[in-house]
Structure formats: structure tokens, C-alpha cells
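Here is a tutorial dialogue for a reader who is new to this structure.

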Amino acid sequence: HRAVRLSPNLGHLKRLRATYPHPLGNLSLDLEQRSGRLIGRVTVPPGMAVTWQHGGVTRRLKTGENVIL
């Protein structure tokens, strides 16, 4: 898949760290729930189109590190 949609729901978890190995490179997430908000970082490999959907917001993530606030 060259296009990925991330729509995280951590449920009762306070933190999520994950790496999805892909032929284009690793898609990495480091997310944390703080005061009802989701914050963290998502690292996108070159050539992968990633759409972020959370809390009524949809945005396209860039290649490299993306800060989620």
C-alpha cells in the first residue's frame, strides 16, 4: 500500500508505540493521551501518502517526522 489512513483510537491505553514495516520504509507511531488529547509523533517513509484522521480533523502527513498536537 502506498496510501495509508491513520485513525487512531487508543481506548484505555495511555501510550502507543508501533512500527509498521513496509517496502518503502518503516511507518512509526509514538502517541500518548494527555488530558483527553492525543499527542505524539508519526514518521512517514518517502513515497508513502498518509492521511491522519482524529478528533474531527483530517490532514495529510508529510514525509519524515510529523508532530501531532
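Q: Where is the place of Pro21?

A: Before anything else, keep in mind that this is a predicted model. Pro21 sits in the loop between S2 and S3.

Q: Is Pro21 buried or exposed?

A: A residue counts as exposed when its relative accessible area is over 50%. Pro21 has a relative accessible area of 58%, and it is therefore exposed.

Q: How should I read a sheet, and in which order do the strands of the open sheet come?

A: Start with the order of the strands, then look at how they pair. Here three strands form an open sheet in the order S1-S5-S6, and the pairing is mixed. The edge strands are S1 and strand S6, which covers 57-61, and each of them pairs on one side only. From one strand to the next, the twist averages 20°.

Q: In which sense do S1 and S5 pair?

A: S1 and S5 pair in the parallel sense, over four bridges.

Q: What is Trp52 in contact with, leaving aside its neighbours within four places in sequence?

A: With those neighbours left aside, the contacts of Trp52 include Leu6, Pro8, Leu31, Leu38 and Val42, and also Val57, Thr58, Arg59, Leu61 and Ile68.

Q: What should I look for in a salt bridge, and how many does the structure hold?

A: Side chains of opposite charge can pair when their charged atoms come close. The structure holds five salt bridges. In one of them the side chains of Arg15 and Asp30 meet, at 2.9 Å from N to O. Because Arg15 lies in strand S2 (residues 15-20) and Asp30 in strand S3, this pair ties together parts that are 15 residues apart in sequence.

Q: Which other residue forms a salt bridge with Arg15?

A: Glu32 does, with the closest N and O atoms 3.8 Å apart. This pair links distant parts of the chain, since Glu32 is in strand S3 and Arg15 in strand S2, 17 residues apart. Arg15 counts as partly exposed at 39% relative accessibility, and Glu32 is also partly exposed, at 21%.

Q: Which residues are linked with Arg15 in a network of salt bridges?

A: The network links Arg15, Arg17, Asp30, Glu32 and Arg34.

Q: What do the side chains of Arg41 and Glu65 form where they meet?

A: They meet in a salt bridge, at 3.1 Å from N to O. Arg41 lies in strand S4 and Glu65 in strand S7 (residues 64-68), so the pair ties together parts that are 24 residues apart in sequence. Arg41 is partly exposed, with a relative accessible area of 40%, and Glu65 counts as partly exposed at 43% relative accessibility.

Definitions and conventions. Residues are numbered from 1 along each chain as its sequence is written. This is a predicted model: local features need pLDDT of at least 70, side-chain atom pairs count only at pLDDT 80 or more; totals for chains, interfaces and linings use all residues. Side-chain values use heavy atoms; hydrogens and water are left out. Contact means heavy atoms within 4.5 Å. A salt bridge is a side-chain nitrogen of Lys or Arg within 4 Å of a carboxyl oxygen of Asp or Glu. Helices (H or I, at least four residues) and strands (E, at least two) are DSSP runs, numbered from the N terminus. Buried means under 20% relative accessible area, exposed over 50%, partly exposed in between (1.4 Å probe, protein chains only). Two strands pair if DSSP finds at least two bridges between them. Axes are lines fitted to C-alpha atoms, for helices over the stretch in contact, and angles run from 0 to 180 degrees between N-to-C directions.
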